[in-house]
Amino acid sequence: MKFGKSICVLNVGGTRYAFTREVIRDFPLRRVSRLIACATEKEVLELCDDYDRDRNEFFFDRHAQAFVFIMLYVRSGKLRFVPGVCELSFYTEMLYWGLESAHLDSCCQKRLDDRMSDIGLDTLSEGDIEDEPQSPGESVQEAELTCRARWLEKMRKAFEEPNSSLVAQLLASVSVIFVIVSMIMLCASTLPDWDTAKRTTVEEHRIVEAVCIGWFTAECIVRFLVAKDKWDFLRRPLNIIDVIAITPYYVTMAMARAGMPGAGLGVAGVILRVLRMMRVFWLMKLARHFLGLQTLGLTLRRCYREMVMLMVFVCVAMAIYSALAQLLEHGLDLETQNSDYASIPAAAWWVIISMTTVGYGDVYPVTIGGRVLGGMCVVSGIVLLALPITFIYHSFVQCYHELKLRSARYARNLSAEMLR
């Protein structure tokens, strides 16, 4: 359909917005951007409620205030709920315009999850809002692109969200098995009799190791290929850990081919042993499959300010108490100098184990002043460590609740899928 004017007017609930055709064509709201592709006025009326050809105005009988917040998302990239409007009503408006719950900020996503959980609703879709017929003018190429995008999304969910489908659960189970096998081999390799056993079954050990590494490598490559944002994928901590855990095997193989396979070749041998031990990072892969590890990681990410504050408290107290302990135990009385407190860094070890109430007993004060200082150190350590714990605890409970709701939603969807 050839629009006669270069300016398009969107009338949403009586509020008008004027845009050029170029802006409308690239609009992030799918319903609006599809207007330009319409070939007839009938197709236009399938997307909006009314159309004025003379003024080139498209009328949508939708919530005007909700669209204001949606337009703020178009401009700033942040989408939040309208104050005083039901979360499900606003979510319905989002689906109408072509947005999903993933576009909401994390705090609003939690509110939506809580609301859906309260009413026993799994999810909404655009099909629940209105059954829209596909545009007759949609090309075969666009249909193929949509099919490809859906396939990539299914692949991404299968590898990133273990509870999203049966295939995802199967892949997650296989990955966990490989992690367990790899950890057993890593632990067994440190046993005194491992070298003798390895010489008798060296081929079997190589095969098992190669299969595990091959699975982890293929999994990492596939997840990278199906990722929506490749740069964001490379910046995620778990993906960085995956690369760190996989790389040592290939470095070891390269060094072996270069003629440095032994463990007693000086620096090369030390590097090989360090690289082998880096495989312990494979345990971090379990964070994708266990709710507890996910909760811990999400809590640490959200509470990094409180964690930094806790470290500052500890470091300041450590500096003060270690200086005073060195003075009282080693600097004042030259006849009864305590060699364990010969320097401030040496005294800092005693301070940290005292503040954390570990108390190994390997270092302890012998003077009266040092013991009084030690008591103050223990008490202040308890107080300082307890101050940020409340914030971290509440954040942990909140993160656990969010992840549990998400897992329950996936479980309900999976049960519905199995019953079909």
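Please keep in mind that the model is predicted.

In soluble globular proteins, nonpolar side chains tend to be buried together. In our model, the largest nonpolar core has 38 residues, and L10, F58, F60, F90 and W97 touch the most other members. Where do they come from? The elements that give two or more residues to this core include the strands β1 (7-12), β2 (15-20) and β4 (57-60). Among the helices on that list are α3 (41-47), α4 (64-76), α5 (87-97) and α6 (106-119). The element that gives the most is α5, with 7 residues.

Leaving aside residues up to four places away in sequence, F90 touches A66, F69, I70, L79, R80, F81, V82, V85 and L104. Apart from this core lies another one, of 14 residues, and V176, F178, M183 and A245 are among them.

Now for the helix pair. Two packed helices are described by the angle between their axes and the distance between the axes. For α17 (residues 344-355) and α18 (residues 368-386), the angle is about 50° and the axes are 8 Å apart. Angles that are not roughly parallel, antiparallel or perpendicular count as oblique, so α17 and α18 are oblique to each other. The crossing of α17 past α18 is right-handed.

Which residues of α17 meet α18? They are W350, V351, S354 and M355. On the α18 side, their partners include L373, C377, I382 and L385. The residues of this contact divide into 9 nonpolar and 4 polar, with no charged ones.

Note on methods. Residues are numbered from 1 along each chain as its sequence is written. This is a predicted model: local features need pLDDT of at least 70, side-chain atom pairs count only at pLDDT 80 or more; totals for chains, interfaces and linings use all residues. Side-chain values use heavy atoms; hydrogens and water are left out. A nonpolar core is a set of buried Ala, Val, Leu, Ile, Met, Phe, Trp, Tyr and Cys residues joined through side-chain atoms within 4.5 Å. Buried means under 20% relative accessible area, exposed over 50%, partly exposed in between (1.4 Å probe, protein chains only). Helices (H or I, at least four residues) and strands (E, at least two) are DSSP runs, numbered from the N terminus. Contact means heavy atoms within 4.5 Å. Axes are lines fitted to C-alpha atoms, for helices over the stretch in contact, and angles run from 0 to 180 degrees between N-to-C directions. Angles under 35 degrees count as roughly parallel, over 145 as roughly antiparallel, 65 to 115 as roughly perpendicular and the rest as oblique. A crossing is left-handed if the near helix is turned anticlockwise from the far one by less than a right angle, and right-handed if clockwise. Ala, Val, Leu, Ile, Met, Phe, Trp, Tyr, Cys and Pro count as nonpolar, Asp, Glu, Lys and Arg as charged, and the others, Gly among them, as polar.
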